[in-house]
Protein chains: 4
Amino acid sequence: MSDRVRDEVDILGLSHVELLVADLDRSRRFYVDLLGFTETASDADHLYLRCVEDRQHHSLLLRRSPHAGVGHIAFKVAGEDALDRLERRFKALDLPTRWLAPGEERGQGRALRVQDPLGFPIEYHAAMEEAPWLIQQFHRHHGAAPVRVDHVNVLVPDARAGHDWYTEELGFRCSEYTESEPPEARIWASWLFRKPTVHDVAVMTGPGPAAHHVGITVKDEMAVIRVCDMLASAGHGESLERGPARHGISNAFFEYVRDPDGNRVEFYTSDYVTSDPGLKPIRWSLDDPRRQTLWGPPPPKRWFEEFMAVESIVDGQLQPVAAPAMRALPSYIRD
Amino acid sequence: MSDRVRDEVDILGLSHVELLVADLDRSRRFYVDLLGFTETASDADHLYLRCVEDRQHHSLLLRRSPHAGVGHIAFKVAGEDALDRLERRFKALDLPTRWLAPGEERGQGRALRVQDPLGFPIEYHAAMEEAPWLIQQFHRHHGAAPVRVDHVNVLVPDARAGHDWYTEELGFRCSEYTESEPPEARIWASWLFRKPTVHDVAVMTGPGPAAHHVGITVKDEMAVIRVCDMLASAGHGESLERGPARHGISNAFFEYVRDPDGNRVEFYTSDYVTSDPGLKPIRWSLDDPRRQTLWGPPPPKRWFEEFMAVESIVDGQLQPVAAPAMRALPSYIRD
Amino acid sequence: MSDRVRDEVDILGLSHVELLVADLDRSRRFYVDLLGFTETASDADHLYLRCVEDRQHHSLLLRRSPHAGVGHIAFKVAGEDALDRLERRFKALDLPTRWLAPGEERGQGRALRVQDPLGFPIEYHAAMEEAPWLIQQFHRHHGAAPVRVDHVNVLVPDARAGHDWYTEELGFRCSEYTESEPPEARIWASWLFRKPTVHDVAVMTGPGPAAHHVGITVKDEMAVIRVCDMLASAGHGESLERGPARHGISNAFFEYVRDPDGNRVEFYTSDYVTSDPGLKPIRWSLDDPRRQTLWGPPPPKRWFEEFMAVESIVDGQLQPVAAPAMRALPSYIRD
Amino acid sequence: MSDRVRDEVDILGLSHVELLVADLDRSRRFYVDLLGFTETASDADHLYLRCVEDRQHHSLLLRRSPHAGVGHIAFKVAGEDALDRLERRFKALDLPTRWLAPGEERGQGRALRVQDPLGFPIEYHAAMEEAPWLIQQFHRHHGAAPVRVDHVNVLVPDARAGHDWYTEELGFRCSEYTESEPPEARIWASWLFRKPTVHDVAVMTGPGPAAHHVGITVKDEMAVIRVCDMLASAGHGESLERGPARHGISNAFFEYVRDPDGNRVEFYTSDYVTSDPGLKPIRWSLDDPRRQTLWGPPPPKRWFEEFMAVESIVDGQLQPVAAPAMRALPSYIRD
C-alpha cells in the first residue's frame with residue numbers, strides 16, 4: 001500500500017450499515033427500546049438510528065424489506081473530491097456505480113454507490129447532517145447505550161483477494177490476520193481499518209459475498225453483560241448466539257446477537273488504538289482456538305455457517321454466494 | 001444486649017421510609033423516571049415505590065405534604081406477636097403508640113406506630129403484600145436501578161443514648177462507631193443493624209430528633225457514578241451534595257443527593273456482611289477524616305448542618321430539635 | 001423447621017472448606033499468586049488461606065494429599081454450648097463423631113468432626129483466631145480478590161433427603177429449589193442457608209456423597225471476567241470449565257474453574273440477601289435451562305458427571321459413591 | 001491549518017514524557033508496585049516504564065534529579081525524513097535544536113530535541129525498540145494497569161499563541177476549547193491532538209512555560225476508583241488531589257494524583273474518538289464550572305496554582321515562568 005493510495009482514496013472509516021428487516025415496529029422495540037439505540041428519524045420504510053458517540057444523522061439504518069440481509073455498507077470519505085476520484089477508479093475497473101442525490105438517503109449528502117470487486121454493495125459519502133451529540137446526555141442512555149457502529153465482518157470465498165483489495169486499492173491497514181498453517185500459509189481472514197481501531201471491515205473465508213455481522217461498540221464489559229441479561233429477561237434469550245467471551249483477535253469482549261429477523265450483530269468492547277502506522281499486523285493460526293475465544297467454549301457451528309445475504313446495487317436483489325476457495329472451518333469445530 | 005431481647009423484640013430490619021414531598025409528579029420524574037425506582041401504586045397523596053431486590057409492596061413511600069421531611073421510619077418484625085410485645089414495651093415506657101389497621105397504609109398489614117424515646121416516628125409491621133420481584137427483569141432496570149432501601153441515619157443530641165436504646169432495648173448490634181478522643185471518649189455516632197449489613201439505622205450527634213439521610217443500596221460503584229452523570233445531565237447537578245468517594249466507616253462507595261424537596265438520600269454500595277455475631281465493632285476517632293472519606297475531600301459543612309425534620313405521630317407536626325450534647329463537628333471541618 | 005431447632009443448633013453459616021492437593025507450591029501459585037487469596041500461614045502439609053472480607057484465620061484450607069478431593073466442610077456455630085448439643089444429636093443418631101483439640105487445626109478452637117447422615121465429613125467450631133481484615137487494604141488486593149468462601153454444592157443420591165436433613169434437623173432455610181415435573185414433582189436440588197445469602201450448602205441429585213464445587217464470592221462481574229482473562233493468559237485456559245454466564249437460580253454471575261488438581265471452584269457474584277424469613281423459596285423446573293444459565297449455552301456434560309470425592313472422618317479414605325435415586329441429567333443435556 | 005502542514009510535519013502523537021524524581025526506588029514502589037506500570041529497563045539514573053497497550057520500549061521515563069519537574073516531552077513522527085524537516089523548521093525560527101544519537105536515550109532511535117517557541121523541551125523521534133505487548137498478559141496486570149500515556153497539559157501565559165502554534169505550525173487539530181466571555185472572547189485553553197483522542201497536548205492559561213499534568217489513560221472508571229482506594233490504603237492518601245469526577249471537557253472520568261516528588265499525573269478514562277476531521281471543536285465558557293467538573297465540587301485552588309517546572313534543552317536548568325496574559329482563575333474559584 002502506498003501513501004499515495006491512502007491520500008487519493010481518503011476513506012475515514014465505516015459510516016453506517018443498512019440492515020433489512022420485516023417489521024419496523026418490532027425492530028424499534030428491539031433496537032431502540034431494548035438495546036438503546038437512539039432514533040433520529042423514521043418513515044414508513046426506514047428507521048434512522050444513531051449511537052451515543054455519533055454526531056451524525058445515522059449509523060444504523062433499518063429498511064423494511066421482505067427479506068433479511070444487508071442493503072449497503074457505507075464509508076465516509078474526507079471530501080467531495082474523494083467521491084469523484086472513487087467513481088473514476090470504479091469505472092476504470094468496469095464496476096457498477098450509481099450516484100445518490102443529496103437527501104436521497106435521508107440526512108446524507110451526495111453519495112456514490114458501487115458494487116465492489118468482491119461483490120458488496122458499498123456506499124461512499126462525505127457529508128451527513130449533524131444530530132445532537134448524546135455523549136453527555138447520560139439520563140437518556142439506556143439498554144446497552146451503543147457507542148458506535150464500529151465494523152462489518154464479511155465473508156468472501158478468497159480472503160486474500162479481499163485483503164489485497166482493501167490494502168492495495170483502498171489504503172486500509174491490517175491490524176491482525178489469520179493464516180492457515182504452512183506450507184499452505186494462506187490468509188484465512190484479515191482485520192482492516194482506516195479509523196484508528198482494530199477494524200472497519202474484516203474479510204473472512206466463507207460463502208460470499210455475504211455479511212457475517214455488524215459490530216457495535218459498547219462502553220465496557222458490563223454493557224455486554226447487560227445485553228445478555230436484558231435480552232434473556234425480555235424473552236429474547238434465543239437471540240444470544242455466542243459469548244460473552246474475549247476474542248484473541250482484537251482483544252475485544254463480545255456477545256453475538258441475532259436480531260428478530262436473524263441479522264447478526266456483535267456487541268463489542270475494549271479493542272485498542274491503531275493510529276501508529278508502525279504497528280505490525282498480528283498473525284494468528286487458523287487452528288488456534290484462542291484466536292476466536294481467548295477463553296471459553298468455541299463458537300457454535302452455525303456461527304460459521306449462517307450469514308446475511310447482501311443486495312446488489314444494480315437490481316436490488318439478494319446476491320447468490322460462491323463457495324469458499326479454502327477450508328472455511330477451523331479444525332477445532334466439529335461436525 | 002441479651003439474646004432474650006433479640007428474641008422478644010425480633011426486628012428483622014428496616015422496611016421502608018416515608019418522605020414528605022410537595023409535588024408527586026415532580027418526585028415521580030426524579031425517583032422513578034430518572035433514578036429508576038419502580039412504582040407499585042399511587043394515589044392523589046402517595047407514591048409507593050420499590051427496588052429491584054424488593055419482594056414487598058413498597059420500601060420508599062412519598063407522601064404529599066406542604067413541608068419536606070420524614071413521615072415515619074418503618075421496621076419489619078418477625079410476626080404479629082412481636083407487634084403486641086412491642087406495644088407493651090412502649091406503653092410501659094409511657095410513650096405514644098397508635099395502631100394502623102391492615103391496609104390503612106396501602107399494601108401493609110396491621111402496624112404499630114410509636115414515638116420512640118429519641119423522638120422519632122417509628123412504625124413496626126409484620127406483613128406486607130408481595131409485589132413482583134424485579135431482580136431478573138433486567139430489561140426493566142434503568143437509572144441507578146436501586147437494589148434496596150438500606151438504612152436511615154438520624155441525628156440525636158446524645159448519640160450514646162441512641163446507641164444504648166437500639167442495642168439494649170431493641171436487640172440491634174453495633175458494626176462500627178465513632179468516638180471522641182480520650183479523656184472524653186464519648187460515642188459520637190454508632191452504626192446499628194438487625195439485617196446482616198453494616199446498618200439499618202445509624203445515630204449521629206447533631207440537632208435532633210432529625211433525619212440525616214436515607215441510604216439506598218445500588219449494585220456497584222458504576223451505579224453511583226451513573227447517579228452523578230444522570231443527575232448532572234438532566235439538570236439536577238446542584239442536587240449532588242457530596243461524593244462520590246469511599247467511606248472509611250462501612251467501606252461503602254457513596255454519593256449524597258438532595259431530592260427536589262431537599263430531602264437527602266445516599267446512594268450506597270459495597271459494604272459487608274455482618275451476620276457473624278462474633279464480629280467486633282470497629283472504632284473510629286471523631287477527628288480522623290478517613291472515617292468519613294477514606295480518600296478525597298471532607299464533607300461540605302452543610303452536610304453536617306442541614307437535616308430533615310421528622311413528624312410527630314401524635315399531631316403530625318414537624319418536631320423541634322434540641323441542641324447536641326457534645327461537639328457536632330469534627331475538627332477537620334472548618335467554619 | 002421449628003425455631004427451636006434453629007436456636008438449638010445455632011449454625012451461623014459455612015466457615016471453611018479443606019481441599020486436597022498434590023503440590024502446595026503449585027497450589028500457592030494458583031490460589032495465592034494468580035487468583036488472589038491471602039496466605040495466613042503454612043506448614044509442610046497445609047496452606048491456610050483467607051479472603052478480603054474474612055476476619056478469621058482461614059476460609060480455604062489446602063492439605064497435601066496423594067488424591068484430590070474434599071477433606072472436610074466446616075460450619076461455624078454461635079457458641080461452645082452449641083458444639084456439645086450437636087455432639088449429642090449426632091451420637092443419638094449413631095453417627096461417627098470426633099473432637100479436635102484447640103489448635104489441632106491451626107488457628108481454630110475446639111471442633112467437632114462428624115460423618116453426617118448423607119455421608120459428608122463435616123466440622124463444627126465456634127472459635128477461630130482473628131486475622132487482619134483486608135477489606136480496606138486495597139493495595140494488597142490482586143487477582144480476583146476473593147471476598148468470601150460462600151458455599152459448597154454437594155451431590156447426593158437423594159436430594160429430598162438432603163433437603164430434609166438440612167431444613168428439619170439443622171435449621172437451614174431454603175431459598176430456591178429445583179423439582180422434576182409433575183406427576184413426579186420430586187426435589188432435584190435445594191439451595192440452603194443459615195447466613196443471609198442464597199446458600200451455605202446446596203444439595204443436588206448425583207452420585208454421592210461427593211462434592212460438586214466450592215463457591216467463592218467475588219466483588220462483581222468484572223472480577224469473574226478477570227478470572228477468565230488471567231487464567232487464560234497464565235496458561236490455565238483449560239481450567240475454565242463453564243461460563244461466564246448468569247444463573248437463573250441465585251441470580252449469580254459465575255465461572256467454574258478446575259484447579260491444578262481438578263478440584264472445582266466457582267467464582268460467584270451478585271446473589272441477594274435472604275435475611276427476611278418471610279421470603280418464599282423459589283421453584284424451578286428441572287428441565288428449564290434458564291434455571292442453570294439464564295442465557296448462554298448449557299453446561300458441558302462433564303459439569304454434571306465429574307465431582308470431588310470426600311474423605312471419611314473415620315479412616316481418612318475417600319468414600320465410594322452411590323448412584324442417584326432419580327434422573328441426574330436435565331433433558332436439555334444431550335449424550 | 002493546511003493539509004500540507006499535516007503531511008510535512010507528520011506527528012503521530014505523544015510518545016513519552018520524562019519526569020524528574022529524587023529517588024528511583026521510591027518512584028518504582030509508587031509507579032510500578034502500586035500503580036501498575038511495567039518496568040522495561042532501568043539504570044542508576046533512569047526507570048523506563050511502559051503501559052499495557054504500549055508496544056514500545058517506554059512511554060514514561062523517570063530520571064533521577066535533585067528537583068522535580070519535566071525533563072522533556074516527546075512526540076513520535078511518521079519517519080526519519082520528518083525529523084529532518086522538523087529540524088529545518090526550528091532552525092528557520094532560530095530556536096535551539098540538538099540531535100540525540102540512536103540509543104542516547106535508551107531504546108530510542110535518532111531523536112531531535114528542540115526548545116519550542118512556547119519554551120518547552122520537546123523531543124521528536126521516529127523509531128523506538130519494541131517491547132512485549134502486555135495487553136493480553138492479563139495475569140501481569142495489577143494496580144491501575146495503565147493503558148497509555150495519553151497527553152500532557154501545559155501552562156502558557158498566552159493560550160491563544162499556544163493554540164496557534166500547535167494548529168498552524170504542527171498540524172494538530174482542536175477537539176475542545178475554553179474561551180472567556182464576550183466581549184473578550186479569548187481562548188483560555190485548547191485541547192489539541194494528532195492521535196485520534198481528545199488530546200495529545202492541551203495548552204491552558206497560567207504561569208509558563210510549565211507542565212500542569214501528565215494524563216495516563218486507564219481502562220475504565222473502576223480503575224480510577226482503584227487508584228484512589230489503593231493510594232489511600234497504602235498511605236498515600238494525601239497524594240489524591242482532585243476527583244474522582246467527570247470532566248465536561250473530554251467527557252473523561254479522572255483523578256489527579258501527586259507523585260512522591262509532587263509531580264502531577266492524571267488518571268483518565270472514557271474520552272472519545274476524534275479521527276473524523278469533520279468534527280467541530282466544542283466551545284466551553286471559562287466561567288462554566290461544568291467545563292472542569294460535570295458534577296461534584298470544583299478543583300481546589302492549588303490545582304490551578306501549582307505546576308511542574310520544565311527543563312531547558314540548552315543548559316538543563318529549570319526554566320523561569322512568566323505571568324499569564326489573562327485571568328488564570330475561573331470566577332467559581334474563590335481566594
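Arg246(B) is buried, with a relative accessible area of 2%. The model in which this residue sits is a predicted one, and every value given here is computed from it.

The surroundings of Arg246(B) can be described from its own chain. Arg246(B) belongs to strand β14 of chain B, which covers residues 240-246. The side chain of Arg246(B) makes a polar contact of 3.2 Å with the side chain of Glu221(B), and it also reaches the backbone oxygen of Asn251(B) at 2.9 Å. Arg246(B) and Thr269(B) are separated by 23 residues in sequence, while their C-alpha atoms lie 9.3 Å apart in space.

From this residue the description turns to the way the chains meet, beginning with chain C and chain B. Chain C can be superposed on chain B, with an RMSD of 0.0 Å, by a rotation of 180° and a shift of 0.0 Å along the axis. Within chain C, the C-alpha nearest to that axis is the one of Pro196(C), at 3.4 Å. Since 100% of the interface residues of chain C are also interface residues in chain B, the copies meet through the same surface.

In this pairing, 30 residues of chain C are in contact with 30 residues of chain B. The residues that lose the most area on the side of chain C are Arg55(C), Gln136(C) and Tyr272(C), which together account for 21% of what that side buries. Six salt bridges are found across the interface of chain C and chain B; one of the salt bridges in the model joins Lys76(C) to Asp276(B), with their closest N and O atoms 2.7 Å apart. The side of chain C that touches chain B is made up of twelve nonpolar, six polar and twelve charged residues.

The second pairing is that of chain D and chain C.

Ten residues of chain D are in contact with ten residues of chain C. Of the area that chain D buries against chain C, 53% is supplied by Phe138(D), His139(D) and Ser233(D), more than by any other three residues. No salt bridges are counted between chain D and chain C. Helix α5 of chain D, residues 221-233, gives the most to the side that touches chain C, with four residues. That side of chain D divides into four nonpolar, four polar and two charged residues.

The size of an interface is often given as the accessible area lost when the parts come together.

| Pairing | Area buried | Share on carbon and sulfur atoms | Residue pairs in polar contact |
|---|---|---|---|
| Chain C and chain B | about 2,500 Å² | 53% of the area | 14 residue pairs |
| Chain D and chain C | about 880 Å² | 64% of the area | four residue pairs |

Terms used:
Residues numbered from 1 in each chain as written. Chains lettered and ligands numbered in written order. Predicted model: local features only at pLDDT ≥ 70, side-chain atom pairs only at ≥ 80, totals over all residues. Heavy atoms only, no water. Least-squares fit on C-alpha atoms with pLDDT ≥ 70 in both. Contact = heavy atoms within 4.5 Å. Buried area = accessible area lost by both parts, 1.4 Å probe. Salt bridge = Lys/Arg side-chain N within 4 Å of Asp/Glu carboxyl O. Polar contact = N/O pair within 3.5 Å; in protein donor to acceptor, adjacent residues only side chain to side chain. Helix = DSSP H or I, 4+ residues; strand = E, 2+ residues; numbered from the N terminus. Nonpolar A, V, L, I, M, F, W, Y, C, P; charged D, E, K, R; others polar. Buried < 20%, exposed > 50% of the residue type's maximum accessible area, 1.4 Å probe, protein only.
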